[in-house]
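Trainee: I would like to check the labels on this model against their cut-offs. Can we take them one by one?

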Amino acid sequence: MPTSEQQPPQPAARIIPPQKPRTLRDSLWTGLKWTLTALFLVYLIASFQRTEFNLYTLISGGKDIKRVMYDLAHPDFSWVERDAGGEVVLSRKTGQPKPGTVPVLLDEMNETVMMSLVGTLLSVLLSFPLSFLAARNLTKGSVSGQIAYNSVRFIFNVLRAFPPIILAIIFVFMVGPGPFPGVLALALHSIGMLGKLFSEAIESVDLAPVEAVRATGASNNLIVWFGILPQVLPQFVAFSLYRWDINIRMSIILGIVGAGGIGFLLDQYIRLFQYQKASTCFLIILVAVTILDWGSSWLRERMG
Amino acid sequence: MSDAVFQTTGLGLTYPDGTRALDSVDFHIRPGEVVSVIGRSGAGKSTLLRCLNGLLVPTDGSVQFRGKEVHSTPEHARRVRRSVGMIFQSFGLVPRVSVLNNVLIGRAGQVGLWRGLFYHWTDEEKQLALRCLSRVEILEQWHKRPRELSGGQQQRVAIARALCQQPAVLLADEPVSALDPATARVVLDHAVRICREDGIAMIANLHSVSLAKEYGDRIVAFRQGRVFFEGLPAELTDEVLREIYGEHYADF
Ligand SMILES: Nc1ncnc2c1ncn2[C@@H]1O[C@H](COP(=O)(O)OP(=O)(O)OP(=O)(O)O)[C@@H](O)[C@H]1O
Ligand SMILES: [Mg+2]
């Protein structure tokens, strides 16, 4: 077809959308928006005053920190403890050299990881059965189901409402300092978190297979086992691994309130101005968290 | 009609929201019979099947399975379901579970809790499941996951699962609506052939009138929750079809 004879495409007529009518509600809304913005700005300024934000204080305080910075830049990498004269300190009981900062901290770091492992495992074991009771699609339609749903939901909400650090302070008070109160704190808080995630996964399953399994005449337990569990299991595993990941970091913090692990020593070193040892502590935490982070994301990818 | 597998008299069902889905339905099916159920969307076909296998409790009338009231107790309704296989438009296979285990889940009503929890099947059960798979000609896929199969293959696995129950009746709720016409025939051929071989009665809800006529010994048509027509495929005239599907019915 000869193109020269073709008409150039007509420019399309400009479309002017019909005017949107401006109602009283629109005007009120605009007024409200500006009022809220102004109020927020006032609150923001008040927040800077209340928190005593002051760049000068920050800079002048920086001078005192020179020694701290020097210590932090020279971590204590000793494998055995030495006295002021550089002599190896021997244990009075065994006669062996006393372990230095590095072995002590590695041992505490190990305790931290073990705490997170036990805490996470306990929470998975407990939230797994409970989460089925907290799933709306499994509990609606009967009075006992409704009661179970609402009470388990309530328990999950309460457990989640307490930050682990508060739980740890309470448990240290109850059972004394050490890793055990830390494990309890992690487990309780994680039950609330995992229970919510698990039950939401259950609520979003495809109901067609569930219906099909019900139609075989299976009991309710087996309907859940055959129809629902295969659908949610990969998510359950992924959530649990992710929770473990979070709990490792969390258990470091818990040590500060006396709940075992490396956080306990970190707190002590800082209080005693032993910044060289604190620096070693930071490094070990950094390395451990990085390795575990790689490990858990590798695992999670595998599960996907 | 004392030999009927299923027999309903004056069956009525009103959903909690007030929808009257079934109204004075008298329906029966004899052993080994294949009945096609047709009717416009919302006529009550799915509701009927769910009343028959006890998943829905009727608000009026009675549903009997082999002469005994299905809904006498919830336990009895469950017992009835064990002898009633069911297949669905969306197949309803359990994801991430192998084809063989999906078929074995058909035994879920028969096994105890502990054997079920550990997927611990007896050798006979495994042999039965494999035989069901081979009868729908899909044995070589036994190790795959459902999502690796085509729609037609998935529905054949669902048929095998229903057969694994060794049912007296097969209920099929729009079994081929999600499939292309050629695949639809393959799937229906398998289901109807096996039902005839084993003397299993079959009730199939179908949207295609031609398939309904072709595969059914008898046709039951629903309109607004009531049985509007019942008879041989040859008796289902264009006149009747227009009454069922409205003026715009063109031979489909
Ligand atoms: N769970 C429910 N709650 C309330 N009303 C329902 C429910 N299920 C179905 N209905 C209504 O009951 C009537 C019959 O529905 P049913 O599913 O039995 O029809 P159907 O013949 O199977 O239709 P289709 O061919 O679309 O599958 C419809 O009006 C439908 O809207
Ligand atoms: Mg339907």
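Mentor: Start with S127(A). Leaving aside neighbours within four places in sequence, S127(A) is in contact (heavy atoms within 4.5 Å) with I191(A), L194(A), G195(A) and F198(A). This is a predicted model: local features need pLDDT of at least 70, side-chain atom pairs count only at pLDDT 80 or more, and totals for chains, interfaces and linings use all residues. Residues are numbered from 1 along each chain as its sequence is written, chains are lettered from A and ligands numbered from 1 in the order in which they are written, and side-chain values use heavy atoms, with hydrogens and water left out.

Trainee: Why is S127(A) called buried?

Mentor: Buried means under 20% relative accessible area, exposed over 50%, partly exposed in between (1.4 Å probe, protein chains only). S127(A) has 0%, so the label is buried. S127(A) sits in helix α4 (residues 101-133) of chain A. Helices are DSSP runs of H or I, at least four residues; strands are runs of E, at least two; both are numbered from the N terminus.

Trainee: Which backbone oxygen does the side chain of S127(A) reach?

Mentor: That of S123(A), at 2.6 Å. A polar contact is a pair of N or O atoms within 3.5 Å; within protein, one must be able to donate a hydrogen and the other to accept it, and residues adjacent in sequence count only if both atoms are side-chain atoms.

Trainee: What makes E211(A) and R50(B) a salt bridge?

Mentor: The term asks for a side-chain nitrogen of Lys or Arg within 4 Å of a carboxyl oxygen of Asp or Glu. The closest N and O atoms of E211(A) and R50(B) are 2.1 Å apart. The count between chain B and chain A is one salt bridge.

Trainee: How many residues does each chain give to the contact?

Mentor: Chain B gives 29 residues and chain A gives 18.

Trainee: Why is L55(A) called exposed?

Mentor: L55(A) has 52% relative accessibility, so L55(A) counts as exposed. L55(A) lies in helix α2 of chain A.

Trainee: And what is R96(B) called, buried or partly exposed?

Mentor: Partly exposed, because R96(B) has 44% relative accessibility. R96(B) also has a positive phi of about 65°, although it is not a glycine.

Trainee: Why is E174(B) called buried?

Mentor: E174(B) has a relative accessible area of 13%, so E174(B) is buried. Its phi is positive too, about 45°, and E174(B) is not a glycine.
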